[in-house]
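Dear colleague,

Please read the notes with the coordinates open beside you.

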Amino acid sequence: MSHLNDMALFVEVARAKSFRKAAEALGMPNSTLSRRISELEKAIGLRLLHRTTRKIELTEAGQLYYARSKRIVDEARLAHEQLGAMLEQPSGVIRVSLPVDLGTLYLTPIIADFARHYPGITFEFDLTPRRVDLVTEPFDVAIRIGKLEDSGLIARLIGRHARYLYASPGYIEASGEPAEAADLSERECICMPRSLSWTLHRGTETIDVRVSGRFTLNSVGMISALAVNHQGIALLPEKIVAQDLAAGRLRRILPDWQGSAVSIYAVTETRLIPAKTQRFIEFLSTKLI
């Protein structure tokens, strides 16, 4: 039992990959932390960390010990958090991975509203197109859009947004408004990579339309901006283009048709998540569903 505290210290060092950063986070001297980890290694009888002047790395034994220890430490923290006032008013740092466009174009006011409800929580956001590793990187939750890979992680559906067809008045004036969904194959469309066929729905009717255009890109924000600048027709969630619609910079076309809904997920490593993360996911869900 005496080694449980040292186990928690080891998990912090492994997460930070630095004695100095871990010691700062824990509020203890670097020398004390290093000594405690050395004592833990002696008690176990195996070296857990490779130490160099620049960084530390986990040994093979350290990787195994970290994988097991992290779950034990997280469950212990969760048990403490579920007791008392923290459950009513969560606090601490929440680390979130967000898609760039979803975060900047849509989620920012929702997150600001959440922050006003929970003043004890501070935030670290990573807005990047890369898929962070929730097992090895220090993130509490990742917000993901679209189809998910079968990764063994825990995914919660928190939103589903239908997509509609939009174009600028300038583009419509120059090229004419399409009368049928099939006409899209003859128009300039702004496409996502590997999405050169749009599946559209009208009631019980479904059609797949081959689309093409001069622009193919993986940024919803830039697709919207190109559509505003008369470069073609875009298939986007209404929430993303709401301001451009209100200002008349974009118009919805073929209003009887809509694209397949886009699903939004909150992904965590485990179901055992602290109150701050649980409240964050629940709050997003109430705003996005």
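**Helix packing**

The axes of α2 and helix α3 (residues 30–44) come within 9 Å of each other and cross at roughly 110 degrees, where axes are lines fitted to C-alpha atoms, for helices over the stretch in contact, and angles run from 0 to 180 degrees between N-to-C directions. Helices (H or I, at least four residues) and strands (E, at least two) are DSSP runs, numbered from the N terminus. On the α2 side the contact (heavy atoms within 4.5 Å) is made by F19, R20, A22, A23 and L26, and on the α3 side by N30, L33, S34 and I37. By class, this contact of α2 with α3 has 6 nonpolar, 2 polar and 1 charged residues, where Ala, Val, Leu, Ile, Met, Phe, Trp, Tyr, Cys and Pro count as nonpolar, Asp, Glu, Lys and Arg as charged, and the others, Gly among them, as polar.

Please keep in mind that this is a predicted model, in which local features need pLDDT of at least 70 and side-chain atom pairs count only at pLDDT 80 or more, while totals for chains, interfaces and linings use all residues. Residues are numbered from 1 along each chain as its sequence is written, and side-chain values use heavy atoms, with hydrogens and water left out.

Helix α1 (residues 3–16) and helix α2 (residues 19–26) have axes that come within 8 Å and cross at roughly 125 degrees, which makes α1 oblique to α2. Their contact is made by L9, E12, V13 and A16 of α1 together with F19, K21, A22 and L26 of α2, and by class it has 6 nonpolar, no polar and 2 charged residues.

The axes of α1 and α3 come within 9 Å and cross at roughly 115 degrees. In this contact H3, N5, D6, M7, L9, F10 and V13 of α1 meet L33, R36, I37, L40 and A43 of α3, giving 8 nonpolar, 2 polar and 2 charged residues by class.

**Pockets**

The largest pocket has a volume of about 1,200 Å³. On a 1 Å grid over the protein atoms alone, a pocket is an open set of points where a 1.4 Å probe fits, with protein on both sides within 12 Å along at least five of seven lines, and lining residues have an atom within 4 Å of a point. Grid points are joined across faces, edges and corners, and a volume is the space filled by probe spheres set on the points. Of the 39 residues that line the largest pocket, I145, G146, M192, N218 and V220 are the closest to its centre. The largest share of this lining, 5 residues, comes from β11, and by class the lining has 22 nonpolar, 10 polar and 7 charged residues.

The second largest pocket has a volume of about 1,000 Å³, and of its 38 lining residues the closest to the centre are R15, R77, R95, D140 and K276. The elements that give two or more residues to this lining include α1 and α2, while α4 gives the most, with 7 residues. By class, the lining of the second largest pocket has 17 nonpolar, 7 polar and 14 charged residues.

With best wishes

Terms used
Angles under 35 degrees count as roughly parallel, over 145 as roughly antiparallel, 65 to 115 as roughly perpendicular and the rest as oblique.
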